[in-house]
Amino acid sequence: MKDLFRGNLVRLTAEEPDIQAKHEARWRRDTEFHRLADADPANVISEKKIKEWLEKRGEEVKPERYPFSIRALEGDKLIGFMGLWLDLIHSEAWVGIAIGEREYWGKGYGTEAMRLILQYAFMELNMQRVSLGLHAYNERALKSYEKVGFRLEGRTRGDQLREGRRTDTLWMGILRDEWYSTIE
């Protein structure tokens, strides 16, 4: 049997709130990271507030939420985070991912983490589809998602404001059968 949480470049883990908060507070000070990863306006959040939020979220037992940290295998460095949010009625999941360490951008770490989370969603959680949204200007993410089999399903025009200009949100999805065809 395959290790569901380990690839050739990364492994998916759970982090203690203080470790995750330390990294996430630093990543959020990078406005480019924030604008690529989030639709909310860029802002600075203290490590303490992030830790409190993570601790509160950890106390809530929700079978439809699966948060992960992303660690590079080489050096076991924490480089990002991702999560799955399940709709158990329709067997659908939404995925989100962010690589916070710039030196790992564009080198396949996020792509491999996405492959692992899709493997987990389809093989372990029995999902029928996985969906995501991204900013149209995030071309690196778009290429990564297409590489693992996501297909463009829609576009919401002009729904985000970035640097005084309106940008689009892209919506992508992958079905279980489509994913299986990429691993055969």
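1. Glu 178 is buried, its relative accessible area being 16%, where buried stands for under 20%, exposed for over 50% and partly exposed for what lies in between, with a 1.4 Å probe and protein chains only. The model is a predicted one, in which local features need pLDDT of at least 70 and side-chain atom pairs count only at pLDDT 80 or more, while totals for chains, interfaces and linings use all residues. Residues are numbered from 1 along each chain as its sequence is written, and side-chain values use heavy atoms, with hydrogens and water left out.

2. The side chain of Glu 178 meets that of Arg 151 in a salt bridge, at 3.1 Å from N to O; the term requires a side-chain nitrogen of Lys or Arg within 4 Å of a carboxyl oxygen of Asp or Glu. This pair links distant parts of the chain, since Arg 151 is in strand β6 and Glu 178 in helix α6 (residues 176-183), 27 residues apart. Helices (H or I, at least four residues) and strands (E, at least two) are DSSP runs numbered from the N terminus.

3. Which residues of α6 are buried? They are Arg 176, Glu 178 and Trp 179, and they lie on the same side of α6 because they cover an arc of only 160 degrees around the axis, the arc being that of the directions from the helix axis to the C-beta atoms. What covers these buried residues includes α4, β6 and β7, contact meaning heavy atoms within 4.5 Å.

4. The structure holds 16 salt bridges. One of them joins Asp 76 to Arg 11, with the closest N and O atoms 2.7 Å apart; Asp 76 lies in the loop between β2 and β3 and Arg 11 in strand β1, so the pair ties together parts that are 65 residues apart in sequence. Asp 76 is partly exposed at 34% relative accessible area, and Arg 11 is likewise partly exposed, at 25%.

5. A further salt bridge is formed by the side chains of Arg 129 and Glu 153 (2.4 Å, N to O). Arg 129 belongs to strand β5 and Glu 153 to strand β6 (residues 151-162), so parts that are 24 residues apart in sequence are tied together. Glu 153 counts as partly exposed, with 46% relative accessibility.

6. The backbone deserves a check at two places. Asp 76 has a phi near 50 degrees, a positive value in a residue other than glycine. Glu 163, in the loop between β6 and β7, also has a positive phi near 50 degrees and is exposed, with a relative accessible area of 67%. For context, most residues other than glycine have a negative phi.

7. In the largest nonpolar core, which has 43 residues, Met 82, Met 114 and Phe 150 touch the most other members; such a core is a set of buried Ala, Val, Leu, Ile, Met, Phe, Trp, Tyr and Cys residues joined through side-chain atoms within 4.5 Å. Helix α4 (109-124) is among the elements that each supply at least two residues of this core, and its nine residues are the largest share. Not counting residues up to four places away in sequence, Met 82 touches residues including Leu 12, Phe 68, Ile 97 and Met 114.
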